[in-house]
Amino acid sequence: MAGPAPGRRLRPLAALALVLALAPGLPAVGAGQTPRPAERGPPVRLFTEEELAHYGGEEEDQPIYMAVKGVVFDVTSGKEFYGRGAPYNALTGKDSTRGVAKMSLDPADLTHDTTGLTAEELKSLDDVFTKVYKAKYPIVGYTARRILNEDGSPNLDFKPEDQPHFDIKDEF
């Protein structure tokens, strides 16, 4: 049995070395010191529609969550946009993928369903998902619909290792 090509084996180590070299905020660990474990955010979890609805910005002491493309974001830091009475509050507490794609707050568009969206709307969705939500807000979970099919079987297209802030060994 042949092992991986020599270049393949070194790539993760080279990437790690590059990250460590370029990361300005990492504390140095001197000889004889024990490194501190990395700080982690809240664990990523799986949300049903009913659970996600509890995070719609109506309660002052609750975080505000919204989902786009089945990824649940904590948008609490944008409370002036997503909180109770704010302009985009209608997007919270649910998967609003279609509304984000169409730039619509119409209640009929506040759903996960992307059926019938144009190529332009799908491109807009991908742009906003990447450049706004993934860039700005922490991921706190995924909708059950993203991970499971309607019949409860696993969605084989979901790859948690491709998702930021998702540590499969801690979640499953």
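Predicted model: local features only at pLDDT ≥ 70, side-chain atom pairs only at ≥ 80, totals over all residues.
## Confidence, pocket and backbone report

Mean pLDDT for the chain is 75. Of its residues, 65% reach 70 or more. Confidence is lowest in helix α1 (residues 6–22), with a mean of 37. Strand β2 (residues 65–68) has the highest, at 96.

The largest pocket holds about 340 Å³ of space. It is lined by 17 residues, and those closest to its centre are Thr48, Glu49, His112, Thr143 and Arg145. Helices α2 (49–53) and α6 (144–147) each supply at least two lining residues. The largest share, three residues, comes from α2. By class, the lining of this pocket has six nonpolar, six polar and five charged residues.

| Residue | Phi | Relative accessible area |
|---|---|---|
| Lys69 | about 55 degrees | 29% |
| Met103 | about 55 degrees | 59% |

Lys69 is not a glycine. Its place is in the loop between β2 and β3 (71–74). Lys69 counts as partly exposed because its relative accessible area is 29%, between the 20% and 50% cut-offs.

Met103 is not a glycine either. It sits in the loop between α4 (97–102) and α5 (119–136). At 59% relative accessibility, Met103 is over the 50% cut-off, so it counts as exposed.

How values were computed. Residues numbered from 1 in each chain as written. Heavy atoms only, no water. pLDDT = per-residue confidence, 0-100. Helix = DSSP H or I, 4+ residues; strand = E, 2+ residues; numbered from the N terminus. 1 Å grid on protein atoms, 1.4 Å probe; cavity = no way out; pocket = protein on both sides within 12 Å on 5 of 7 lines; lining within 4 Å. Points joined across faces, edges and corners; volume = space filled by probe spheres on them. Nonpolar A, V, L, I, M, F, W, Y, C, P; charged D, E, K, R; others polar. Buried < 20%, exposed > 50% of the residue type's maximum accessible area, 1.4 Å probe, protein only.
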